[in-house]
Amino acid sequence: MSFPWAEHYTPKHPAMQWIDEKLPLPRLVYNAIGAGYPVPRNLNYFWNFGVLAGLALVIQIVTGVIMAMHYGANTLVAFGTVEQTMRDVNAGWLMRYAHANGASFFFIVVYLHIFRGLFYGSYKAPREMVWLLGLVIFLLMMATAFMGYVLPWGQMSYWGAKVITGLFGAIPVVGEPIQTWLLGGFAPGNASLNRFFSLHFLLPFVIAAVVILHIWALHIPGSSNPTGVEVKGPQDTVPFHPYYTAKDGFGVGVFLILFSILLFFAPNYLGHPDNYIEANPLSTPAHIVPEWYFWPFYAILRAFTVDFFFVPAKLLGVLAMFSAILMLFFLPWLDTSPVRSGNYRPTFKKFFWILIVDVLILGYCGGAPAAEPYVMISQVAGAYYFAHFLIILPLISRFERPLPLPGSITESVLNRHNIKGEQDALPGMGADPQPSNAG
Amino acid sequence: MVRIGAFLVGLFFAGWLLISFLVGAVAYVSEPPAVTVEHEFHKHPKEVDFSFNGPFGKFDQAQLQRGFQVFKEVCSACHSLKFVAFRDLKGIGYNEAEIKAIAKQWAIKSPDVDPKTGEASTRAPVPADYFPKPFANNVAAAAANNNAIPPDLSLMTKARHDGSDYIYSLLTGYQNQPAELLKHFPDAKTPNGLHYNPYFANLNLAMPPPLTTDGQVTYGDGTKATVDQMAKDVSAFLTWTAEPKLENRRRAGLATIVFLLIATALAYMSYQNIWADKKKAA
């Protein structure tokens, strides 16, 4: 499960030795995120986001459990209990805003984590399982976030629940019974709210379990790195602790500063005002929009406006929206280029940046009203999204001529510093020999 | 196989989206969507220079008390404030005796149950009570208000974009329908019983102008009660009812961020320190 040169856990204190014999949990932690896990020495800041996502999950669970202590899962009182939490519970406003904005920050860091994986080819062999488990986490997150948004029982909660469960209603023949079954009624009501609350409480712990599998699967081949060249020897790695715990500590600080700015000074910026209106089944909001992290997929859903023979446009939209995520499960087998890192793939790199812009455009259109020109723009952007993963990527990996790869991680680090040394006219900077104690 | 399947699925979705685009584009060009009267005449709220604007702004307690007076004497006749209790008025500077008096003299009574007969009754509110609702239920509210239910105001400034500015703009925005509007949209004449207001989403509002004359309320602190002043004050008050913890939040935020800046600087230095040998070596 690790490189042969990994440091070994050797408890010195008799108490620690006693524990290690009975239950080697400290040993497990040591080998997973301690000095016993050798990590490539050249990771850049984009490798911080896994840890940040884990931190975001912890923030969500802690604030969420406290909120649940003050919440009433009943349509008659749900909205009021959330308001009471904000007004009469000690630091209740802090828990509530931290939870609502924490969800946004969870998605921000997870999206950055996913795009890091896309650029550096982290999904490729031998790390396919890491990628697949990551996608499972992403799907669980989306389900959890959707159900969490229903709980305050505001206008967007109610109508969002109606629209999203309505997607299942698009399935031919069995669609409507499925929708009724999911909601526990013909429209979102007390039964829906209760089950959403129950599942919203459960799923984060399922996510935590899949996170453990995700990290377990990662530790078998070890972390990837910006060159995409595999670790060749001890000189290529440093122990996770203290090197990356220190670097991640800095990343955590930056994350918490940005999080605090939003949480304390603009806590409703990412929310929708309509959710401060109590749910009213008789009054439909002018624009029903989900939370921002669903916008790209919502744009794809709404982009299908023309029936395909006997298949209604709505069903196509639903299929496309689910496919937009599910197709990522096939990514390791669609991109067959043996070169992992986008840094050495000139054509791939260009299309990668087009994809980024494309997803941002989709996101913008998904948040806009379902009117022209937004629908037309999301049709073009949606077409590119599917073409990118399903057509362009397999073709690039077939025809692209990658740049020469560095011989090893250490060589790339040396070269980088060499070039920098020459530019800065500081002779000797890059020429120092490797210390023998590396790793 | 995976790649062939993916290619076909990709071709289908991308192709059908492009066809949908063409269909949409042809329709867009041949029949451009009609311009709506809301699109042409709806106005964004006017920007108001409130004391609580900006990241370090604070409530002006005198203003909140004036705004409360406007709510008490004007708004509360029709609008409820169900998430705010009399005891909360401590937050705008009233002491316990004052709050007791305010509750006792409140025009609307709190619902209660007669302890002897068990029948529904009413009594004067006490500080622990939430502001009593002016109507027994939505049916009564609609019946008394030309079929429109006056919304609860507790969260109004958070339930609208730029809520504080919006309340002010709405209260001061009543006007006659512009001749320009009727010329281009003859069908859009404000129906009887509604009132034209360009700050309202669909331009025609059931609420008659609530603040009509200067001096409608008499402020205890000597401030001249112009319509503009009353609108500002009540917007400020409703900003407080929607976010009573605003000042606590900003104070806590400042302290947290200062702490985090120091902690992050230390974390950065320890990161540099720990990596020093690795960076020099390379």
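View 1. A:P373 lies in the loop between α14 (346–367) and α15 of chain A, where helices (H or I, at least four residues) and strands (E, at least two) are DSSP runs numbered from the N terminus. The peptide bond that leads from A:E372 into A:P373 is cis, with omega near 5 degrees. A cis peptide bond also joins A:A125 and A:P126, with omega of about 5 degrees, and A:P126 sits in the loop between α5 (92–119) and α6 (128–150) of chain A. This is a predicted model, in which local features need pLDDT of at least 70, side-chain atom pairs count only at pLDDT 80 or more, and totals for chains, interfaces and linings use all residues. Residues are numbered from 1 along each chain as its sequence is written, while chains are lettered from A and ligands numbered from 1 in the order in which they are written.

View 2. A:A91 is not a glycine, although its phi is positive at about 55 degrees, and A:A91 is placed in the loop between α4 (78–88) and α5 of chain A. A:A91 counts as partly exposed because it has 13 C-beta neighbours inside 10 Å; a residue is buried if 20 or more other C-beta atoms lie within 10 Å of its own, exposed if 12 or fewer, and partly exposed in between, with C-beta atoms placed from the backbone. A:V173, also a residue other than glycine, has a positive phi near 60 degrees, and A:V173 belongs to the loop between α7 (155–168) and α8 (175–183) of chain A. With 7 other C-beta atoms within 10 Å, A:V173 is exposed.

**View 3. The surroundings of A:L316.** A:L316 is found in helix α12 (residues 313–326) of chain A and is buried, since 23 other C-beta atoms lie within 10 Å. Leaving aside neighbours within four places in sequence, A:L316 is in contact with A:F304, A:F308 and A:V311, and also with B:W16 of chain B; two residues are in contact if their C-beta atoms, placed from the backbone, lie within 7 Å. A:V58 is 258 residues from A:L316 along the chain, and the C-alpha atoms of this pair are separated by 37 Å.

**View 4. Two nonpolar cores.** A nonpolar core is a set of buried Ala, Val, Leu, Ile, Met, Phe, Trp, Tyr and Cys residues joined through C-beta atoms within 7 Å. The largest such core has 98 residues, and those with the most contacts inside it are A:F106, A:V109 and A:I300. Helix α15 (residues 374–399) of chain A gives the most to this core, with 14 residues. Not counting residues up to four places away in sequence, A:I300 touches A:A320, A:M321, A:A324, A:L362, A:G382 and A:Y385. A second, separate core has 40 residues and includes B:A225, B:V234, B:F237 and B:L238.

**View 5. The contact between chain B and chain A.** Chain B gives 50 residues to the contact and chain A gives 55 residues. On the side of chain B that touches chain A, the elements giving two or more residues are α1 (2–30) and α9 (246–281) of chain B. By class, this side of chain B has 34 nonpolar, 8 polar and 8 charged residues, where Ala, Val, Leu, Ile, Met, Phe, Trp, Tyr, Cys and Pro count as nonpolar, Asp, Glu, Lys and Arg as charged, and the others, Gly among them, as polar.

**View 6. The domains of chain B.** Chain B is divided into domain 1 (37–84 + 131–244) and domain 2 (245–276), with bounds that come from an automatic or database domain assignment. The C-alpha centres of domain 1 and domain 2 of chain B lie 40 Å apart. Their contact takes 7 residues from domain 1 of chain B and 4 residues from domain 2 of chain B, and the domain 1 side of it has 5 nonpolar, no polar and 2 charged residues. The secondary structure of chain B comes to 9 helices and 4 strands, and 29% of the 282 residues of chain B count as buried.

**View 7. Confidence along chain A.** The mean pLDDT of chain A is 92, and 95% of its residues reach 70 or more; pLDDT is the predictor's confidence in each residue, from 0 to 100. Over residues 420–439 of chain A the pLDDT is below 50, and this stretch has 23 contacts in the model beyond near neighbours in sequence.
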